[in-house]
Amino acid sequence: MVSGEHLCVLYQDQDDRRRLTAAVVRGGLAAGDRVMYVVPGAREVALARLEAGGIETGRPLDGGQLLVQSFGEVYGDPATLDLSGLVARFRLALSESVAAGFPGLRLTGEMGGYPWPVESLEQLVRWERMVSRMLGEVGIAAICQYDQGRLDEPAAAVIAAEHSGVATSGQRLPLALFIASAASLALRIEGELDLTNGPALARVLRARLAARPRLRIDLGAVTFADVGSLREIYQIAAGLPSGGQITLANATEPVRRILDLAGFRSDAVVIES
Amino acid sequence: MSGPAGGDGTHRALLYRDEPEFRGTVGAFIRQGLARHERILATAPLGRLDWIRAELGADAAAVEFADSAAIYRRQGDATRALVDWLRRHASDGRRARIVAEQALSRRTPAEVADYLRMEAAANVIYSSFPVQILCPYDTAEVPGDVLAGVRRTHPELIEGDDVRPSGSFADPSTFIRDHCLVVEPPPGAASIDFDRGDDLAGVRFFLREQMRAAGVDGEAAPLLLAGAGEVITNALVHGAAPRRVWVYTEGPALVCHVHDRGPGIADPLATYLAPDRHADRGHGLWLGRQVSDSLEVAANATGTHVRLLTILRRSGQQPVP
């Protein structure tokens, strides 16, 4: 997703809903972004839904990467209905995300039925239009989740038309997740690093280092890392201000060997045993 | 000397027939270095190191000895070890000498071929250091075709008391290109096509399965996967479609064979050189060389073929002399 993008997903049943919700959150974690998940009901139910969809919520919650919030917490209670109020609210949320070391903020909301304060399709369209303008102005991405069973075909078409695209759950699993840790803006990478997620890696590292120029990266769950990805880490470290440092922690034996054999050396990179 | 300029060094082959010839020349070479306060490293099979110690007597204390079976486990390892040693000992105006011999009889033909290409590359690799390198070869043990390669890869030869330029010395790049020809994969070998970044995860799955089937396990599997992955990424970034990787066995080796239609690497010699630590390219194939027993880069009208060989077992080979 790109910032400012406003997508919607239409789920058919509860299985579909689990899959789609997990895919949306997983996409955010694969980008290293902060994900703000707006839920209509109980937080516990929403978290259980994510877990059932294969998302381990513990670390992202601890690291402040996954925020599960009610509609009222996010939009105000009563909800802001003027654009400037909404923009101000989300500018603040975005600047807080950047200060916390996240490269971007993603918003996903469950619009199960029509949410308060919307009472008609017409009002909903106005609301979505306002959200679209806010997203564009602030520069964040959002995916709205709708229950297709509660919409007739014309309504579904109108809602889809208010979004810049319809997301599907047919994406393959991301190669790696970039999980924020609460401690000292650290980062944990889970999965494989190759040239396809090199740009995501660089974006995440730059954001976290901009917030704090000393970064500990936990590589314990990295199952493959190509030389290009590791070189990216060294090159970014080389550009740090004095006193800046990247610590590579918990690397598996093969990854340590590859770091050694590839011949990267830098005073700004510490390999922790 | 006739070698490349820069480090003011030499790269000589000693073609010896017996122990007295070896001891005489190697002993004189080392003593001359000691007299000039140069750092000395001798790496050879243990029996040869014993000859050197016996020849030098008390002088041996000033020489660093290394078992070539350890330092030359892989050709890439040896280059890295020697370059690291030179960076430590042949800088700050200090000069160095290296005696380097390894037991080629334990090597497969593919490894011996790679060894000779490495000897050609050595003329460039070590040219930036003030080092004199002496490579002894036992003419009773080393086959004639390998000795011919030795003459083409060493600018100077010592035979008996005679030191002379090698008449058949070849330009290193030319030698490497001429001594790495395209080998076609055997019919029916397992293979998978790849054409974009999103294919890489599937290619790694294929490689893991093939390595498991071939019995590659422990630390070797992820390192081989890393080396093969670099060759494949290179084909993706610098090569041209169609691209394919095969995995098959060849004698005692498991071969990971990567092909693309591109013209390949302009100068295959570059794949033998350690990349500058700040370089943004060249680390990938360098890693491939470090984690394999032989890395072959060849091109013809069909495109570029890179073969990464890993010896699965060393049974049935002659013991170290």
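Chain A is divided into two domains, with domain 1 covering residues 6-166 and domain 2 covering residues 176-271. Please bear in mind throughout that this is a predicted model. Taken over C-alpha atoms, the centres of domain 1 and domain 2 of chain A are separated by 30 Å. The contact between these domains draws 15 residues from domain 1 of chain A and 16 residues from domain 2 of chain A.

Which elements supply the side of domain 1 of chain A that touches domain 2 of chain A? Helices α1 (14-31) and α3 (58-62) of chain A each supply at least two residues to that side. By class, the residues on this side of domain 1 of chain A are eight nonpolar, five polar and two charged.

I turn now to the contact between the chains. Here, 19 residues of chain A are in contact with 23 residues of chain B. On the chain A side, the elements that give two or more residues are α9 (227-238) and α10 (253-262) of chain A. Of these, α10(A) gives the most, with six residues. The chain A side of this contact comprises nine nonpolar, three polar and seven charged residues.

Let us move to chain B, beginning with a pair of helices. Two packed helices are described by the angle between their axes and the distance between the axes. For helix α1 (residues 19-35) and helix α2 (residues 46-56) of chain B, the axes come within 9 Å and cross at roughly 65°. The crossing of α1(B) past α2(B) is right-handed. On α1(B), the contact is made by B:Glu19, B:Phe22, B:Arg23, B:Val26, B:Gly27 and B:Ile30, and on α2(B) by B:Trp51, B:Ile52, B:Glu55 and B:Leu56. Grouped by class, this contact has six nonpolar, one polar and three charged residues.

Five strands form an open, antiparallel sheet in the order β8-β9-β10-β12-β11. At its edges are β8 (190-194) and β11 (294-300) of chain B, each pairing on one side only. From one strand to the next, the twist averages 20°.

Within this sheet, strand β9 (residues 243-250) and strand β10 (residues 253-260) of chain B pair in the antiparallel sense over seven bridges. What is the bridge partner of B:Val245 in β10(B)? That partner is B:Val258. Lastly, helix α8 (residues 200-214) of chain B lies across β8, β9 and β10 of chain B, and α8 runs at about 170° to β8(B).

Notes:
Residues numbered from 1 in each chain as written. Chains lettered and ligands numbered in written order. Predicted model: local features only at pLDDT ≥ 70, side-chain atom pairs only at ≥ 80, totals over all residues. Axes fitted to C-alpha atoms, helices over the stretch in contact; angles between N-to-C directions. Helix = DSSP H or I, 4+ residues; strand = E, 2+ residues; numbered from the N terminus. Left-handed = near helix turned anticlockwise from the far one by under 90°. Contact = placed C-beta atoms within 7 Å. Nonpolar A, V, L, I, M, F, W, Y, C, P; charged D, E, K, R; others polar. Pairing = 2+ DSSP bridges. Domains from an automatic or database assignment.
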